Structure formats: structure tokens, C-alpha cells
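Subject: Model for you to look at

Hello,

Here is the structure we spoke about. Please open it alongside this message.

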Amino acid sequence: MEFTPKWIAWEITRRCNLNCVHCRSSSQLEIEGHPDFSLAEAKRVLDEIRAYANPVMVLSGGEPLLRPDVFEIAAYGTGLGLRMCLATNGSLVTEDICRYIKDSGIKMVSLSLDGSTASVHDNFRNQPGAFDGVMNAIRLFNEHQIDFLVNSSFTKRNKEEAPKIYNLVKSLGATAWYLFMIVPTGRGEEIMGELIPAEEYEDILNWHYDMEKEEGDLLVRPTCAPQYYRIVLQRSKVEGERFKRRSLKFSTGGSKGCLAGQLICLIDVDGNVLPCSYFPLPAGNLRTQSFQDIWENSKLMLDMRNFAGYKDNCGRCEYVHVCGGCRARAYAMTGDYLAGEPFCTYQPQR
């Protein structure tokens with residue numbers, strides 16, 4: 001496997017206007033100790049990344065639309081030939097925002113939808129009116145012909161919603177739907193008791209397999225659920241056929257489970273480079289090291305790619321190269337990022 005950065009999430013601000021139960025970021029509008037970096041620094045980071053690789057760049061947060069220069073950052077990246085994307089909660093989207101999105105060259109916008117109704121979504125987001133905000137953003141994106149995808153995160157409180165959200169997303173004109181299995185980081189640490197049990201986790205992934213096999217138009221992906229790729233191989237072998245999985249040019253292609261530090265990473269607002277959006281340990285910092293140096297030489301990044309160093313069931317598993325277990329979840333639950341995936345029930349055959 002070639003370890004090239006294909007997709008980078010970039011926390012351009014830690015400020016946010018919501019208070020979601022699972023989020024790694026902050027719900028404050030002013031963040032003490034983690035200020036937004038300057039536009040000049042943003043351009044320097046983009047120059048450095050583009051000189052080394054050509055990943056998809058996702059401007060994220062917090063809520064990136066709280067930065068007044070977000071579209072200057074996007075336009076600069078577009079000018080370098082990078083594929084710029086935006087991850088927003090949708091609540092701040094207006095007609096003007098849509099025009100800025102198009103003018104800056106942003107290719108894809110992601111929205112979060114965690115319930116098929118306002119009561120479920122607003123409960124998950126701790127914000128009355130959040131559902132209506134997402135629906136309004138989707139209406140505007142459709143009117144302005146802006147491609148968007150939907151991310152949905154699941155815990156015990158909304159696990160029954162998965163089929164309902166899927167059907168809703170299909171009706172809304174989305175390009176893709178990503179089913180997220182929660183990793184407890186940041187404020188997400190507070191929801192340990194809400195995590196879906198391993199057995200039910202497997203049931204949801206089997207439902208996703210059946211759904212994806214029949215889906216003809218919408219790109220669908222389970223995210224932070226690496227054991228899905230083991231399930232795909234197991235079931236296709238038993239059933240004697242493998243369906244062709246669709247790929248989205250603004251994703252990593254969905255060919256493997258955990259991609260942390262292998263094809264993806266996160267840059268946080270302080271310049272730290274982390275293996276993924278849910279992994280709290282930095283591999284290095286862009287204010288003291290080059291992106292290339294961090295990506296190629298960091299011990300943490302190299303550990304992510306050394307499957308022979310994985311422990312417990314993951315280390316023994318014949319599916320380690322297609323699954324790998326969630327490294328962030330292993331760290332959150334055990335304190336060891338090389339430990340076995342805590343939410344996998346599979347017993348290796350070797």
C-alpha cells in the first residue's frame with residue numbers, strides 16, 4: 001500500500017455555534033488559547049502541502065463559516081489546483097454563502113444530519129432549530145447546484161434512525177451518505193455510556209451491506225467502522241458474489257477500513273498534524289516542521305502503517321490489511337493506539 005496523503009481535514013477554527021454531544025471541538029464562539037491562525041499562515045500551509053502532494057482539502061472546524069476569510073482560504077487552495085471542500089453544520093448557510101462557495105471553487109460541501117426528524121436531530125445537536133438549519137442549507141444548495149454529501153453519526157440515542165435517515169438523504173438530492181460510528185474524543189468522551197454495543201454495531205454494518213448492495217445511485221460509506229471491510233469480504237465470499245462499490249472523487253475511495261495516518265490526516269487550529277479527526281495525539285506541528293517531514297518520518301504515522309505492530313485480535317487477524325481496526329477508538333478505550341479494536345466481535349482464524 002502506498003502511503004500518500006489523499007484527504008486532509010483542516011480545522012481552520014475551533015469556534016462553533018452548536019454544542020453537539022459527540023464533537024471533538026468546542027461550542028464557544030471565542031476560544032482562549034486556540035485562536036484562529038492568520039490568512040498568511042493558511043496560505044503558507046497550503047503552499048507547503050501542494051508542493052508535496054495533491055490531497056482533497058476539507059475546511060472544517062468548529063464551524064468554518066465563522067471565519068470571515070474562509071472563502072479566501074478556499075480560493076487560494078483552488079488556485080493552487082487543490083480540490084477544496086467545506087464541512088459545515090448548515091446553520092449559517094445563506095444565498096450569499098452559496099455564491100461565495102461557488103466563486104471560491106469549493107467542489108463539495110458536507111452537512112451533518114443525525115435524525116430524520118427535528119426532534120431527534122435537535123436532541124443530538126443540543127440545539128433547537130438545528131434540523132431546520134440543515135434543511136434550509138440543503139434547499140439552498142439544490143437551488144444553487146452545489147454538490148453536497150451528508151454525514152450521520154450514531155449512538156444509542158439515534159441508532160434506530162439509520163434506515164430513516166438514509167431514505168431521507170436519498171430524497172434530498174445528496175451526492176453521498178456517510179454513516180459514522182462514534183469515536184469518543186473531545187466532548188465525545190462524555191458519551192461512553194451512549195456507545196452502541198459491539199454486537200449491535202455488527203448488526204448495523206450488516207444492514208449497511210444489504211443496503212449498499214442494492215443502492216444504485218447514492219454513494220454510501222460507513223465511516224470509523226473499519227470492520228465493515230471485513231464484513232464485505234466475508235459475506236461476498238459466502239454469497240458467491242461481490243458487488244462493485246462506487247467511488248467518489250472527493251473521498252479516499254473506500255477501499256480499506258482505518259486510513260488514519262495512511263491516506264488521511266487532520267491539521268488542527270494550532271498547526272498540529274494528527275492521524276485523523278478523532279485521534280488526539282499529534283504527529284508533529286507545522287509551525288516547527290514541514291508537512292512532508294511529519295508525514296514521512298513521524299513515529300506515530302509510521303506506527304499507523306506498521307500492521308505487524310498491531311496487538312491483540314487486530315494483530316492476529318487475517319483481515320488486518322483491509323480493516324486494521326479503528327486506531328482512535330483503540331486509544332480512547334484502552335490508552336494504546338496499537339491495541340485491538342474494542343468494538344469488534346470477530347475472532348481471528350490465526
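This is a predicted model: local features need pLDDT of at least 70, side-chain atom pairs count only at pLDDT 80 or more; totals for chains, interfaces and linings use all residues.

Residues are numbered from 1 along each chain as its sequence is written, and side-chain values use heavy atoms, with hydrogens and water left out.

The sheet is open and mixed, with 10 strands in the order 7-6-5-4-3-2-1-8-9-10. Strands (E, at least two residues) and helices (H or I, at least four) are DSSP runs numbered from the N terminus, and two strands pair if DSSP finds at least two bridges between them. Strand 7 (219-223) and strand 10 (284-285) are at the edges with a single partner strand each, so one side of each has no neighbour in the sheet. Strand 2 (56-60) and strand 3 (83-87) run parallel and are joined by four bridges; Val-56 has Arg-83 as its bridge partner in strand 3.

Helix 5 covers residues 130-143. Its buried residues (under 20% relative accessible area, 1.4 Å probe, protein chains only) include Phe-131, Ile-138 and Phe-141. The elements that the buried residues of helix 5 pack against include helix 3 (95-103) and strand 5 (148-154). Gln-145, which follows helix 5, has a positive phi near 55 degrees.

Val-134 lies in helix 5 and is buried, with a relative accessible area of 1%. Leaving aside neighbours within four places in sequence, Val-134 is in contact (heavy atoms within 4.5 Å) with Asn-89, Ser-112, Leu-113 and His-121.

Regards

Methods: The expected span of a helix is 1.5 Å times one less than its number of residues. Buried means under 20% relative accessible area, exposed over 50%, partly exposed in between (1.4 Å probe, protein chains only).
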